[in-house]
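Thanks for asking me to look this one over. My notes follow as numbered points, with the conventions given along the way.

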Amino acid sequence: MNAMEKRFPTRINFRRGQVDMTHGSGGRAMAQLIEELFVKHFDNDLLRQGNDQAMFTPPQGRLVMSTDGHVVSPLFFPGGNIGSLSVHGTINDVAMSGARPLYLSAGFILEEGFPLTDLERIVVSMAEASREAGVPVVTGDTKVVERGKGDGVFITTTGVGVVPDGLDISGANARPGDAILVSGPIGDHGVAIMSSRENLAFDTSIVSDSAALHGLIAEMVAAVPDINCLRDPTRGGLAATLNEIAFQSRVGMRLNEDSIPMRPEVDAACELLGLDPLYVANEGKLVAICPAEKAAQLLAVMQGHAQGGGGAIIGEVIADDMGFVTMETGFGGTRIVDWLAGEQLPRIC
Amino acid sequence: MKYVDEFRQKDIARKLAGDIARAADTGRSYNIMEFCGGHTHAIFRYGVQDLMPDNVKFVHGPGCPVCVLPIPRIDAAIELADRHGAIVCTYGDMMRVPASKKNSLIKAKAAGADIRMVYSTQDALQIARDTPEREVVFFAIGFETTTPPTAVAIKVAAAEGLKNFSVFCNHVLTPAAISHILQSPELRELGQVSIDGFLGPSHVSSIIGSAPYDFFAEEFQKPVVIAGFEPLDVMQSALMLIRQVNEGRYEVENEYTRVVTPEGNQIAKDLMAEVFTLRRSFEWRGLGEVPYSALKIAEAYGDWDAEKRFEITKSTGADVKGCECPAILRGVKKPTDCKLFGTVCTPDNPQGSCMVSSEGSCAAYWSFGRFRMDRVKEAAE
């Protein structure tokens, strides 16, 4: 029997227990939660050092860093939960620079009374997502707020990664004539979340597309190193992402509605709910912009990868001082695809 | 999406566009008012105007439920939450409509008022059941389409004896508004607006039927074609209107026969007649006081009438100075005629109601069509 086990004579009851204020107080209860939940599941050498920070030697190259807070409601949804989402989301934000993600940190804000069984489920799924992606959670933090001051659990993850030499990927790099590609059908995550909201429950087979995309990106940048932009169309959907890039790059875009991939179930759910699927969030898709002559090659690489199987070329970058993203509609007319105004759907990620 | 996609087919649209171009007399213009915001949205969303010849224009009417509600009614809803401490339940579009003093439901909510977005009257009823210690008010808005569900909610509350639930009724009537527009001096005397025909409402007509339009087609000698909300419906109906105009006819025709009958939905009409009565007059944003154009809750259901249950201050709030929503709602001006359009008034910072809902003309112009506008480009230079 080692010293650790003597510190905690009884194990935490994850089946019946709930979060209480002591779990964030810095005392023994917090140490036990860290030991029996976080260290146990995230298990890796850096975390096991037990320090307030993780120490590592960065590899050669440019480092990137990104952070993302997750407040999704409900916490569990078809195709994932706040835990897996918080891993995928930050890995993707790091990877959209072309970087290979290295490490993650995780900050938990827990609400007093939150069932430990739910917390364990979330941490297990985070650990699985992190292991599957090969990106360990190497440091973390836990705070507890009084009942009513939080909503179960909020998770903030931060990621660092390193960009291979020779890449120059930025939202500011789109050039007139470039092709615009998307890695698969849009709108799955937002519709999956909506279908599981209490006040809006409807039956659908749609599951969230939440996934880590760094594997796909590694193959894309290896084949076509002159990709100009990569971005994941999360909140605000495809429309918001394209408008951000058009604004950053001072260009316009012209899309073809018929070529934008979408599942019929998502299309139908959006029709029913009065939503425009272009504005609905994704958590496992990316937009890529590359020189037109490389588009076919890039598309072939994407379609050959599990995360890019439904990829398509959806439009082109054009010169336009006004930065308008326009779209030829499936009906034969033209419309603007504008920034999202207001809030289409709160707390989607 | 079977049953929907077939009304959005490009090849049929092209053929219809050809038919319209051949039917439209190049020696004249055709101004078609689409009454409903649903049509406005479809026209912009699918780029229908692009498929029309230059001399066929759509004039956008007042049929957007959140657009026509005057500021004092929104002030009243805020007061119900603020001063009376009620939980006010509302449809999402209403949240950002400007009230007086730069307030809105969404700002009042941020400041602590208990205002909740619901998707149906049933959600509001459930909130009332779940919180018996609080007053729960459903902020009812909309034309004849959304009125029957409100009637059902009131009847359910009565049947359950749900004492803490009430309805702040703002339901308005379509035929009265169309008549009012046709009687307006701008149209009759000044000739500022010329309207050659109407696209009649689709969902509203599924309730009230096509018969109520017979009167003003005859009285004002304007053709009406009841049109579905899909883009092919809009184009087919435009063609039917152009043919009526060419032939000097002014009849009520029904393009939306897959849903609308002459009599409408008798069950829904009976429900409305049981739970509501006509208001002598009601203020519309843009149209002013319009006689017999809105509904109030009938005496028998007065216990569920928020206007009887709570004392509401008479607000004198007026539209923002320079806002042309009133003229735009009457079809007298276009969104681009408004000085505020695209300068201080955008969907992110709406000054007038027409910039809020995707069914409002200004929001539709801004969000879907502004790349056509030279004025915006000049302003940016």
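1. How many Å separate the centres of domain 1 of chain A and domain 2 of chain A, taken over C-alpha atoms? The answer is 29 Å. In the domain assignment of chain A, domain 1 covers 3-163 and domain 2 covers 179-336; such bounds come from an automatic or database domain assignment.

2. A word on conventions before going further. This is a predicted model, in which local features need pLDDT of at least 70 and side-chain atom pairs count only at pLDDT 80 or more, while totals for chains, interfaces and linings use all residues. Residues are numbered from 1 along each chain as its sequence is written, and chains are lettered from A and ligands numbered from 1 in the order in which they are written.

3. Now the contact between the two domains of chain A. Domain 1 of chain A contributes 19 residues and domain 2 of chain A contributes 22, where two residues are in contact if their C-beta atoms, placed from the backbone, lie within 7 Å. On the side of domain 1, the elements that give two or more residues are α4, β4 and α5 (116-133) of chain A. Helix α4(A) has the largest share of that side, with seven residues. By class, that side holds 11 nonpolar, seven polar and one charged residue; Ala, Val, Leu, Ile, Met, Phe, Trp, Tyr, Cys and Pro count as nonpolar, Asp, Glu, Lys and Arg as charged, and the others, Gly among them, as polar.

4. On to the sheets of chain A. Helices (H or I, at least four residues) and strands (E, at least two) are DSSP runs numbered from the N terminus, and two strands pair if DSSP finds at least two bridges between them. Four strands make an open sheet with mixed pairing, in the order β1-β6-β4-β5. Its edges are β1 (62-70) and β5 (137-145), each with a single partner strand, so one side of each lacks a neighbour in the sheet. Neighbouring strands here are turned by 15° against each other on average, direction ignored; axes are lines fitted to C-alpha atoms, for helices over the stretch in contact, and angles run from 0 to 180 degrees between N-to-C directions.

5. Within that sheet, β4 (residues 100-111) and β6 (residues 153-163) of chain A are antiparallel partners over 10 bridges. One bridge pair there is A:Pro101 with A:Gly161 in β6(A). Helix α4 (residues 82-95) of chain A packs on the sheet and touches β1, β4 and β6, making about 30° with the direction of β6(A).

6. Chain A also has an open sheet of seven strands, ordered β8-β10-β7-β11-β9-β12-β13, again with mixed pairing. The edge strands are β8 (229-231) and β13 (334-336), each pairing on one side only. Strands β7 (residues 179-182) and β10 (residues 287-290) of chain A run antiparallel and are joined by four bridges; A:Val182 stands opposite A:Val287.

7. Between the chains, the contact takes 20 residues from chain A and 26 from chain B. On the chain A side, α9 (264-273) and β13 each supply at least two residues, and α9(A) gives the most, with four. That side divides into eight nonpolar, eight polar and four charged residues.

8. Finally, chain B has 16 helices and 13 strands. Along its principal axes, the C-alpha trace of chain B spans about 65 × 55 × 45 Å.
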